[in-house]
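Welcome! Let's take a look at a structure together, one feature at a time.

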Amino acid sequence: MKVTIDSHSGFCAGVVRAISEAESAIEKWGSVSCLGDIVHNRIEVQRLEAMGLRTINHDGIKELTAGSHMLIRAHGEPPTTYALAKSVGVEVIDATCPVVAALQRRVQRAYKAMKQCGGQLVILGKHGHAEVVGLIGQVGGDAVVIESEAEVDAIDFSRPVYLLSQTTQSVALFERLCKIIEDRLTDGATLTADDTICRRVSSREEHLRRFAKSHDIVIFVCGRKSSNGKVLYNICLEENPRSYNIEEASELVPEWFTDAQTVGVCGATSTPLWLMESVAKQIEKL
């Protein structure tokens, strides 16, 4: 049985940058607090916590001592988080992904444009996701968040719409939503669609389809919290019904590999290469 690791899977540039910032901070100060999981992968978070990373929530900011260091992960944060950290005297290490930071600025500009014409800001994104929370926080929460086509009724189709997207959403879903919104707009209302999906992430979709088709079995490795992981795993499943989603090697089931000649191991933008390698080694042992 031949086991192949997808060369296009693994950390995106934003996650690599955030983890590098965390490792450098730990080396310099011995420990550093991270607001939320630095990456939606439990195994990688545990590795970094063993080095000196401490994961806190927003309530934990108030408990930090003045002069301590807190890392903002790649997902970004709303302005209120920076203000709170400043009030406590905490030094912020801003590891917001540059793509996300640019999107935050676009959200602010789009909101101002909609205010001038009586329109509304609509963001395609996962409810409660850290990146989305950071995006709507740029405009005081005055935005409509929709996660799927089933939620479009939350939009007022009699008013202008400015549509943007969380960086890790599906391009196909964004395009479908554009069509649905355009078809339902009334009274001369217009749609401004700003495709803000990260192409370094979305470009993996077509490659992953080919990768999934070319193997008898696909093992997709990602953390349970990974939004991007859910999207990419479903793509694998569409192309290959013998696709399985696991978080770590211990979840492998020997019966999955009956009669398989080729196995492809792949993962989300939050999945470290070392973890995919450990899964591949375990499969080879099976």
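This is a predicted model: local features need pLDDT of at least 70, side-chain atom pairs count only at pLDDT 80 or more; totals for chains, interfaces and linings use all residues.

Q: Which residues is Ile 155 in contact with?

A: Setting aside neighbours within four places in sequence, Ile 155 is in contact with Gln 120, Val 122, Ile 146, Val 161 and Ile 181. For a sense of distance, take Glu 49: Ile 155 and Glu 49 are 106 residues apart in sequence, and their C-alpha atoms are 42 Å apart in space.

Q: How do I read the packing of two helices, such as helix 1 and helix 2?

A: In general, two packed helices are described by the angle between their axes and the distance between the axes. Here, helix 1 (residues 13-29) and helix 2 (residues 42-51) pack at about 20 degrees, and their axes are 10 Å apart. That angle makes helix 1 roughly parallel to helix 2. Their crossing is left-handed.

Q: Which residues make the contact between helix 1 and helix 2?

A: Helix 1 brings Ile 19, Glu 23 and Ile 26, while helix 2 brings Glu 44, Arg 47, Leu 48 and Met 51. Sorted by class, this contact has four nonpolar, three charged and no polar residues. Here is a general idea to go with that list: an α-helix has 3.6 residues a turn, so residues three or four places apart point the same way.

Q: What should I look for in a nonpolar core?

A: In soluble globular proteins, nonpolar side chains tend to be buried together. In this model the largest nonpolar core has 20 residues, and Val 32, Ile 38, Leu 53 and Leu 71 have the most contacts inside it. Helix 1, strand 2 (32-35) and helix 2 each give two or more residues to this core. Helix 1 gives the most, with six residues. Another core, of 19 residues, lies apart from it; among its members are Val 152, Cys 178, Leu 185 and Ala 189.

Q: What does Leu 53 touch?

A: Not counting residues up to four places away in sequence, Leu 53 touches Ala 22, Ile 26, Val 32, Cys 34, Ile 38 and Leu 48.

Q: How many residues of helix 8 are buried?

A: Seven of the 10 residues in helix 8 (residues 204-213) are buried, so helix 8 is largely enclosed by the rest of the structure. Among the elements that its buried residues pack against are strand 1 (2-5), helix 6 (171-184) and helix 9 (227-239).

Technical notes: Residues are numbered from 1 along each chain as its sequence is written. Side-chain values use heavy atoms; hydrogens and water are left out. Axes are lines fitted to C-alpha atoms, for helices over the stretch in contact, and angles run from 0 to 180 degrees between N-to-C directions. Helices (H or I, at least four residues) and strands (E, at least two) are DSSP runs, numbered from the N terminus. Angles under 35 degrees count as roughly parallel, over 145 as roughly antiparallel, 65 to 115 as roughly perpendicular and the rest as oblique. A crossing is left-handed if the near helix is turned anticlockwise from the far one by less than a right angle, and right-handed if clockwise. Contact means heavy atoms within 4.5 Å. Ala, Val, Leu, Ile, Met, Phe, Trp, Tyr, Cys and Pro count as nonpolar, Asp, Glu, Lys and Arg as charged, and the others, Gly among them, as polar. A nonpolar core is a set of buried Ala, Val, Leu, Ile, Met, Phe, Trp, Tyr and Cys residues joined through side-chain atoms within 4.5 Å. Buried means under 20% relative accessible area, exposed over 50%, partly exposed in between (1.4 Å probe, protein chains only).
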